[in-house]
Amino acid sequence: MNLIEFPSVDKTITNLVISTTLNDLSNWSRLSSLWPLLYGTNCCFIEFALLIGSRFEFDHYGLVPRSSPRQADLILIADTITMKMAPSLVRLYKQMSEPKYVIAMGAFAITGGMFSTNSYSTVCGVDKLSLIDVYLPSYPT
Amino acid sequence: MTVPATKKDFMIVNMGPHHPSMHGVLRLIVTLDGEDVIDCEPILGYLHRGMEKIAENRTIIQYLPYVTRWDYLATMFTEAITVNAPEQLENVQVPKRASYIRVIMLELSRIASHLLWLGPFMADIGAQTPFFYIFRERELIYDLFEAATGMRMMHNYFRIGGVAADLPYGWIDKCLDFCDYFLTGIVEYQKLITRNPIFLERVEGVGIIGGEEAINWGLSGPMLRASGIQWDLRKIDNYECYNEFDWEVQWQKEGDSLARYLVRIGEMRESIKIIQQALEGIPGGPYENLEVRRFDRAKNSEWNDFEYRFISKKPSPNFELSKQELYVRVEAPKGELGIYLIGDNSVFPWRWKIRPPGFINLQILPQLVKRMKLADIMTILGSIDIIMGEVDR
């Protein structure tokens, strides 16, 4: 999952960095229209559900939350994942069909956050379970 | 009453930890005979993070960010009880203004919790529109919280002896505006939902709990009050300054899901009344008992000596819990939230036992769904109002 050697950034930097305007990024996300999986375990799921609400509606970006992993493109892992929940999450990820994207949102998902010490059942970092495309640090709520 | 079985073997369906409703990671293994439910077994633990064990290694101030992750819809209550426990243990007085601010925040949090109960409850029944309405109102409450505390949901606002910071200038007027707006919002919900025949067909007579039964199972909160028992800890314990306001306990007699719905809508209205009275009557004065900051420290510690002056950062004073045990409780929107605290003459508690209302209220689910159809499971589960963060801790 995680490479041991650092990726060489000299030649491939042009493939990793895109410069654009916010308008273009917004239009690109509209035409891509990713359908996220309605997945959440904990508090950050409420923030994800708020995106569906009227203030930050993500329907006008074409994002329709789907419950079934077969119909979803994107899984937004936003919360603490415990060891009991981890097999379910991996199974959901495997059931999603290609192309699929994973966003790890929030400190709990990226490293375990404040549960990484003294908690005997938290998975410290979702990148132990699946490949992550985007890491969003800090805390959603 | 046994349901006559039509076939020899029953179908076992797993409503897995990931499901379309927003209750969280609760797994139900349902034994069905056609459409009738024979038995239902909830499986918990998908969100167990070891909150009580973590508490044994954190001081109270360090533990405050963790407590908002129990019941993440009504976060002020978890913080309130985390600071109430040491306050009552060490007999710390809270200034009047801090008490009023706490009551306002708690009642706003109660409204927020009931709103976010209502959305998924209606979405499970099949009505998607109230989901959007409640998020509109909840955003307004989030704005108020963000202005006062800095965070939308996980506030970390309460401190031992008061609150962390005073209300900003103009907050009270904004909050009064919100109260006026919200009363029209409740009227809208009444028009849309309460007399809707489809809604009534689905919730009336579903999941009936009698009064005696409710006490025997140890239920609390709206589940108890909807079964005819007028038990509200705000009237009974008289904590903070609830006895200075004029409000009534909301209760119903029937004990079905409709009664629980009506109790919660009524509670939202009473909360607005309390908030308006508190905002109009809020006194001036300090917002935190700053005396508490001068904690008992060893007077002649050698670390404060001349030789150790420039060595390193001195550890900050911490609140020491004496060797006593104590149970405190608040009336959370889901029920009675309680903490049993055993102190140990150190800054870390010896035992921090959480009594979550959702966990106790969830016990009645297998009994309630036994004679119902499959579609009623979601109605009953929704009306119990659980949140997995506190059920699993």
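**View 1. Arg393(B) sits in the segment after α15 (388-392) of chain B.** Helices here are DSSP runs of H or I with at least four residues, strands are runs of E with at least two, and both are numbered from the N terminus. Phi of Arg393(B), which is not a glycine, is positive, near 50°. Most residues other than glycine have a negative phi. Is Arg393(B) buried or exposed? Arg393(B) is buried, at a relative accessible area of 11%; buried means under 20%, exposed over 50% and partly exposed in between, with a 1.4 Å probe and protein chains only. This is a predicted model, in which local features need pLDDT of at least 70 and side-chain atom pairs count only at pLDDT 80 or more, while totals for chains, interfaces and linings use all residues. Residues are numbered from 1 along each chain as its sequence is written, chains are lettered from A and ligands numbered from 1 in the order in which they are written, and side-chain values use heavy atoms, leaving out hydrogens and water.

**View 2. Asn345(B) has a positive phi too, at about 60°, and is not a glycine.** Look for Asn345(B) in the loop between β7 (335-342) and β8 (351-355) of chain B. With 48% relative accessibility, Asn345(B) counts as partly exposed.

**View 3. Helix α14 (residues 374-384) of chain B packs against helix α4 (residues 96-125) of chain B.** Their axes come within 9 Å and cross at roughly 175°; axes are lines fitted to C-alpha atoms, for helices over the stretch in contact, with angles from 0 to 180 degrees between N-to-C directions. α4(B) and α14(B) are therefore roughly antiparallel, the label for angles over 145 degrees. On the α4(B) side, Trp117(B), Phe121(B), Asp124(B) and Ile125(B) meet Met378(B), Thr379(B), Gly382(B) and Ser383(B) of α14(B), where contact means heavy atoms within 4.5 Å. Nine of the 11 residues of α14(B) are buried, among them Ile377(B), Ile380(B) and Leu381(B). Just after α14(B) comes Asp385(B), with a positive phi of about 65°.

**View 4. Asn84(B) belongs to helix α3 (residues 75-90) of chain B.** Asn84(B) is buried, at a relative accessible area of 8%. Its side chain makes a polar contact of 3.5 Å with that of Arg102(B); the term covers a pair of N or O atoms within 3.5 Å, where within protein one must be able to donate a hydrogen and the other to accept it, and residues adjacent in sequence count only if both atoms are side-chain atoms. Beyond neighbours within four places in sequence, Asn84(B) touches Arg102(B), Glu240(B), Val328(B) and Val330(B).

**View 5. In chain A, strand β2 (residues 74-77) is covered on both faces.** Leu74(A) and Leu76(A) on one side, and Ile75(A) and Ile77(A) on the other, are all buried. Strand β1 (residues 36-37) runs parallel to β2(A) and is joined to it by two bridges, and strands pair if DSSP finds at least two bridges between them. Ile75(A) is the bridge partner of Leu37(A). Strand β3 (residues 101-105) of chain A also pairs with β2(A) in the parallel sense, over four bridges, and here Val102(A) partners Ile75(A).

**View 6. Helix α3 (residues 44-52) of chain A lies on the way from β1(A) to β2(A), in a left-handed β-α-β crossover.** A right-handed crossover is one where, with the strands pointing away from the viewer, the path from the first strand over the helix to the second runs clockwise. β2(A), helix α4 (residues 86-95) of chain A and β3(A) form a right-handed unit. Eight of the nine residues of α3(A) are buried, including Phe45(A), Phe48(A) and Leu50(A). Their cover includes β1, β2 and β3 of chain A, along with α4 and α5 (129-149) of chain B.

Technical notes
Angles under 35 degrees count as roughly parallel, over 145 as roughly antiparallel, 65 to 115 as roughly perpendicular and the rest as oblique.
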